[in-house]
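Take a look at the structure below and keep the sequence at hand.

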Amino acid sequence: MIRWAVSRPAVVWAAVTTIVLSGSVAFTRLSLATKTTVELPRLQVMLSWTSASAELMETYLTSPVEAAVQSVRGVKRVNSRSSEGSASLTIELQPNIDPQITRLAILERLEILRPEFPIGAGAPRVSNFVPEDLQEAPLLRVTMTGPYTAGALQKIATEQVSPRVNAVPGVGGTSTRGGTEFGASVQYDPTLLRQLGISPGQLGAALAESRQVVALGEEKFGASRRAVVLRDQPDALEELEGLPIRGRGGKIFRLGTIATVRAEEDGRGMFFRINGNPALAFDVSRSAQADAIKTATLVRATLDSLAPLLPPAVKFNVVNDDSTELARELKDLVTRGAIAFGAVMLVIIIATRNARAVALVMGTAAVSIAGTALGLYLLEIPANMLTLAGLGMGIGILVQNGIIVVERLREEPDTEEGRARAGRQMTPAVIGATLTTAVVLFPFLYLQGDARAAFVPFASAFVMAMAWSVVASLVMVPALAAGHGHAARWTRGRKFYSALVKRTLRWRWATLLVTAAALGALTWGFSTKVRRFAFGGFGGQNRTTVNVNLGFPRGSDPEALDRAMREMEAIAVGSDGVQDVVTQSNGIANASMRVLYTVEGGRTAMPLQMQEDLTQRAVFIGGANVSVTGQGPAFGSGFGSVSSGNYRIRVKGYSYDGVTAVAVDLKDRLEKITRVRNVNVNAGSFFGSDRAFAVTLDPNRDALARYRLTSTDLRDAVQREIRGQAGATRLDIGDEEIPVTVKARGARERSMDELSAAIVPTSAGSPVKIGDLAAVGQREVPGVITREDQQYIRIVAYEFRGPTKLGDRTHQAFLESISVPVGFAVEDVNASGYISDDSEKGLWLVFGIGMALVFLAVALVYDSTWATLMVFLTLPIALGGVMGAFWATGAAFTREAAVGVILVIGLAVNQVLLLVDAAIAKRRQRSADGYAVRGLRGGEVLRAALDRSGMIVLVTLTTMASLVPLAWGTSATTLFGAIALATAGGTIAGTLGAMLVLPALVMGWGRRRRPLAVPPGVGVPF
């Protein structure tokens, strides 16, 4: 293949031009996204039951569904969280189980279970679970304002805006927040109805019968048959007032004369505001295969075209456009990639001082990137920032194969046969180096948890690019290298390196002992001085937020909740560095506020001050449960010598009260530590408010029987006496379906005492109070109930004010001092939250598999146990460089850094293989000459080291030149910062090991008989 390509340079030129042009066009048409499409082995089940307490949700919905789901094949573990009116179950699946097949099986089980659900419970929804770290933010967040009610805005959004936006290509869906549901109410006076001998149930029955659309049959009309349909449907809300109601003595009354029929918008205490102003907002999400920037542009154009068609003064405001940040990051990435490309080119220019050599090497990188873009486009794989940044970081790696072949070409005569021979000679080195790098990325396919979704696209694109680099270096370079010139000589560098190698060979025992001692010291420093945790941002930039959650006991005045949140808003709105303040009610008794900071503001101490100000204000809100928490870069360590570290402890047990007692005990003990602040026994939104209050009715069955009433009669009576739309009848009024409720006058303001005094009509006509039929009271109930494998969970979180290392030691010592009763467990949890992720374990498994595959690839390419042994002995040197880099910089060793270590395995082996390849060639030459192969003599080792030294140094410099521009100014806790730090340390150490330590290992262990001399005629540049 190489010889054929060398003899047909015109064909190769045409193929290269086609690939580059096609790849360039494909690159412009690639779908761009911030994050990759996620399909983890987890599912989520959402349950709803309006107005049900967490206790009822747990007893009648969550527990039965959890039991049904656990019996489904492939389910590994089920975790649940029950709160007022809703519940969610997170289902973790066994490895190698298809989530979609399991989802269908769960839906079948739930469909069988549905008849047993309580009345009023909604249909369960089963969907793929996406962890918070990998959730892609809404593409656009748009607010709509105008001089209209919330219900009118809701109607405009539902009927005019959402259909048009959902029709935009690339839009995955929209979700609306704020607004109210438009409906109607029929309010009656109980006293008047008793006087007229009319029961409230008659009003509901009249409403239910007001719409009759029934097929009665068919009639003959000549030779044809026509359907006979009874159609009685009100065209306007006012027509309901004419419905007939039969009273005492058969007298007919019109509904409008005995009750008030009116349209209403019952927000039920709910509100939604942005920056303190009432608004309706809708989020636009992107479909999996859509381009974020193009989709956002089309949505904006659609909103502009809709504006003239909407009612007067209705305005749109795009408060957040994720594509803007994506475009900015893309621009920054392109800039950094261009700098990396230029830096790599500059290194090659200085090293080779030959224009054709530079063009050939950089041409291999261009073909590799273009071919990768073409492959992504043809395979319909969306490109994300992780993929593109990985390609940019890999420019220095992609040119390595080209460098190796170009350097060998410059030692051969400028003839077709010479160029083909150079390509053939370097084929084992090129394939071996590429395989050892590619095989360490292959195990990423078997990662579990969040890491799989984050790193698999990165690995896939990188492997694709490396495959193209092999083709370009072995086919394109020899074919187009005519007139390549001679090698540039670095005489001083070569002499200096020669002197170093001679000394390491003469004192090789000392060399090996010093290396072993250095590795021991680095291992000790890494294990004792470097912090390690498995949490990071997967390359995305975390935003700083301050979150406020406020809740009043149920039955409190909804206006008090609104007033309290307005006071918190007044502190946050307009503050320096704040981008948005979003306030939203989560029911009639709970609300939350999210203060989002700009990227720049989130890196300052302002969020900490905001958290302190909001906490001080929360102290003055009486009777409420308030939590003020912060997340993001501003709340991690790094603000000088004193910082705030977040720590979490999880308490598990089979008794809710027992778990609560243990958590409270831990809180009391933590508060005795001087540096501990803000101990929260409900952290991580696992329990919400500590306790909630529920109004309870315990029916007296004897009293019900005495008055000839049933529990259903009591239930209907209570529904008519309380706020909300329980028991609503949905009617088609004109062309719109609306809920119509029957309520007693004053139901919206009903207190618990007034509920006891409310009247229940009886068949005998004698009124009876609800309090006479049931005991009306209140009791404390859990606000939120969380379980994991049938065990209740509570999270205790606290902040440690002081150095992070001191906080780690204090936290560990506190955990060791904890003793809990039998049946309960206390364990440390990381900041990623509730469900532990197997990513860290998976990464170390990938590390082990990667090492095994590297050794297998070396043995496969060279068919040599000796070569595999040399790689095995020098690999710890590269890992020592990683440990030294993190120890020297004081950076934490994160999950992202582990990815860098995996890459180091392949990259560090490249340098080693270059020297091993030359040594194997000499060993085989000796065997062909009839000599026993016991090891190379000193002169042969020195010649092999000088022969490949230029390649090794040039490969290292190009790798570093591509890493530095992309990692400059990036924190070591982010994906590329951690990878760059680990790769840089490992690559430098691997280079030193290959050039100085490996010669001592390669040399035979027999006695030297003559002093070493510099071999003449070595023309390889240093």
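Arg617 has a relative accessible area of 24%, so this residue counts as partly exposed. The model is predicted, so keep that in mind as you read. Arg617 forms a salt bridge with Glu567. Their closest N and O atoms are 2.4 Å apart. Arg617 sits in helix α20 (residues 606–618) and Glu567 in helix α19 (residues 558–572), so the bridge ties together parts that are 50 residues apart in sequence. Glu567 is partly exposed too, because its relative accessibility is 34%.

What lets such side chains pair? Those of opposite charge can do so when their charged atoms come close.

A search of the whole structure finds 7 salt bridges. One of them joins Arg141 to Asp283, with 2.8 Å between the closest N and O atoms. This pair links distant parts of the chain. Arg141 belongs to strand β6 (residues 140–145), Asp283 to strand β16 (residues 280–286), and 142 residues separate them. Are these two residues buried or exposed? Both are buried.

Next, find Arg801 and Glu799. They form a salt bridge as well, and their closest N and O atoms are 3.3 Å apart. Arg801 is partly exposed, at 31% relative accessible area. Glu799 has 7% relative accessibility, so it counts as buried. Elsewhere, salt bridges link Glu58, Glu66 and Arg787 in a network.

Now turn to the helices. Helix α2 (residues 9–29) and helix α11 (residues 355–378) have axes that come within 7 Å. The two cross at roughly 55°. Therefore α2 and α11 are oblique to each other. The crossing of α2 past α11 is left-handed.

Helix α18 (residues 508–529) packs against helix α28 (residues 865–889) at an angle of about 45°. Their axes are 9 Å apart. That angle makes α18 oblique to α28. Here too, the crossing is left-handed.

Finally, look at the surface. Val214, Leu216, Val228 and Leu230 form a nonpolar patch there. Together they have about 310 Å² of accessible area. Which strands supply the patch? β9 (212–221) and β10 (224–232) each give at least two of its residues. Val228 lies in β10. Val228 is partly exposed, because its relative accessibility is 31%.

One loop is left to visit. Glu116 lies between α4 (99–113) and β5 (125–128). Glu116 is exposed, at 63% relative accessible area. Pro64 is 52 residues away along the chain, yet the C-alpha atoms of Glu116 and Pro64 are separated by 9.2 Å.

Note on methods
Residues numbered from 1 in each chain as written. Predicted model: local features only at pLDDT ≥ 70, side-chain atom pairs only at ≥ 80, totals over all residues. Heavy atoms only, no water. Patch = residues over 30% accessible without salt bridge, like charges linked within 9 Å, V, L, I, M, F, W, Y side chains within 5 Å. Areas by Shrake-Rupley, 256 points an atom, 1.4 Å probe, with all protein chains shown as cover. Salt bridge = Lys/Arg side-chain N within 4 Å of Asp/Glu carboxyl O. Helix = DSSP H or I, 4+ residues; strand = E, 2+ residues; numbered from the N terminus. Buried < 20%, exposed > 50% of the residue type's maximum accessible area, 1.4 Å probe, protein only. Axes fitted to C-alpha atoms, helices over the stretch in contact; angles between N-to-C directions. Parallel < 35°, antiparallel > 145°, perpendicular 65-115°, else oblique. Left-handed = near helix turned anticlockwise from the far one by under 90°.
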